[in-house]
Amino acid sequence: MTRFAVGLGQLGWAISHWWNRKDQFEWFSSYLSDRQLVEPTRILLGITCGTASLVPWVILLDAGGPENVLQRYAALASGVIGVGMTVMWLLLPWPSATRSRSWVVVADLSILLGCLAQIHHVGAVAGCAVFGLVSGYIAFFHGARMLAVHIGFSLVVACLLSVLLMRADTASLSTVVIGIIQAAAVGIAIPVATQFMLEVLASDAAASEMDTLTGVLNRRGLERALERLTAMDRQNSHGLAVMVADLDNFKEINDHYGHRYGDRVLAEIAARLRVAVGVGGVVARIGGDEFVIADSLRFNDPVRLANTVLLTISTVSDPPVTASVGVVHFTGVIPTNKSLMSTVLFTDLADAAMYEAKRAGGNTVRTRGHNYGAPSPAPVVRPTTIRPGARGTA
């Protein structure tokens with residue numbers, strides 16, 4: 001009995017902790033972005049939506065499909081909404097937290113309409129299991145309270161459909177009860193367990209790869225992110241830019257306004273750099289006021305990216321904080337046995353370029369190039385000076 005009482009107490013604490021968790025959309029989106037998993041996730045979500053949206057179209061085409069006009073309209077509306085949600089994931093950029101929550105509401109409406117299209121069949125209750133897909137999405141991207149509202153809605157829909165089926169004498173009690181149990185198991189147990197797992201995952205990620213002050217990667221996380229970034233395109237067909245940004249006058253900010261204000265400035269810089277780089281790039285804090293930014297040059301060039309970093313940092317605080325930025329433009333095939341962190345990234349190229357920018361007075365950029373296919377290991381040096389608002393070429 002003692003063990004049971006202790007277990008109940010621990011379960012109560014865990015449920016309370018889970019219930020008070022904040023919406024995790026921004027955190028989990030950042031987690032995916034740091035691991036170059038945003039685009040694969042978006043495609044998988046689009047495929048899932050597209051597959052689920054086939055159900056109402058099949059219902060419409062089935063000879064034994066909807067029995068009246070309202071049911072046919074419900075199936076048609078469900079199918080059209082499903083196609084629209086599929087297009088959103090496949091063609092539009094990664095959503096904001098608000099658009100994500102709106103997607104959940106629309107998805108629930110689409111599933112409800114699909115179930116109503118089968119109102120006189122057992123498939124109406126079985127279709128409630130599709131709510132489990134939305135539950136899984138909420139479990140990863142949003143908080144416990146949104147999940148609870150969604151689960152409550154799906155259970156109400158399942159119960160109402162069951163009552164209608166029983167009144168119409170089109171299903172036995174045991175069939176309806178089994179359908180509700182299946183829908184509840186998929187829609188409740190799995191997503192709740194997933195959110196508990198994510199709680200552990202978030203803690204481990206914060207401890208091992210994330211900088212706790214700014215929420216971006218630390219040095220260990222940066223190394224793994226660069227390995228993933230290069231492994232995705234080992235031929236380096238578009239080139240890769242890696243830059244070190246060291247804040248110029250940050251000590252004055254700390255001395256004059258205090259370390260708490262300085263910490264807020266660092267956190268704000270990190271957040272804005274993430275937005276500036278986008279979902280495909282990498283942002284890390286590897287020292288007190290030193291950041292590393294890396295991105296493939298498929299849609300960018302090193303000079304433009306560096307100028308964006310300068311402008312982003314200089315608009316964060318008042319008085320403004322500026323940065324000295326060293327950029328390395330990697331070309332050529334990256335060897336499989338080479339690590340950007342352990343070879344030329346900091347010691348020979350990016351750090352050296354950054355210190356050149358620092359000696360030039362700060363608030364400027366020095367760029368260097370490194371071709372992995374060059375016969376000589378010596379880097380090709382191409383210094384460039386940039387000021388915010390200025391334009392240049394690499």
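Reply: Begin with the naming: helices (H or I, at least four residues) and strands (E, at least two) are DSSP runs, numbered from the N terminus. On that basis Asn 363 sits in the loop between helix H14 (345-359) and strand E5 (364-371). This is a predicted model, where local features need pLDDT of at least 70, side-chain atom pairs count only at pLDDT 80 or more, and totals for chains, interfaces and linings use all residues. Residues are numbered from 1 along each chain as its sequence is written, and side-chain values use heavy atoms, with hydrogens and water left out.

Me: How many helices and strands are there in the protein?

Reply: The protein has 14 helices and six strands.

Me: Is Asn 363 buried or exposed?

Reply: Buried means under 20% relative accessible area, exposed over 50%, and partly exposed in between (1.4 Å probe, protein chains only). Asn 363 has a relative accessible area of 19%, so it counts as buried. Its phi is near 55°, a positive value in a residue other than glycine. Of the 394 residues of the protein, 46% are buried.

Me: How do the axes of helix H2 and helix H7 cross?

Reply: Axes are lines fitted to C-alpha atoms, for helices over the stretch in contact, and angles run from 0 to 180 degrees between N-to-C directions. Here the axes of H2 (residues 25-34) and H7 (residues 131-141) come within 7 Å and cross at roughly 85°. Angles under 35 degrees count as roughly parallel, over 145 as roughly antiparallel, 65 to 115 as roughly perpendicular and the rest as oblique. H2 is therefore roughly perpendicular to H7.

Me: Which residues make the contact of H2 and H7?

Reply: Contact means heavy atoms within 4.5 Å. H2 contributes Phe 25, Phe 28, Ser 29 and Leu 32, and H7 contributes Tyr 137, Phe 140 and Phe 141.

Me: Which residues have the most contacts inside the largest nonpolar core?

Reply: A nonpolar core is a set of buried Ala, Val, Leu, Ile, Met, Phe, Trp, Tyr and Cys residues joined through side-chain atoms within 4.5 Å. The largest has 32 residues, and Trp 89, Trp 94, Trp 103 and Tyr 137 have the most contacts inside it. Helix H8 (144-167) is among the helices that each supply at least two residues of this core; its seven residues are the largest share. Apart from this core lies another, of 28 residues, including Met 243 and Val 327.
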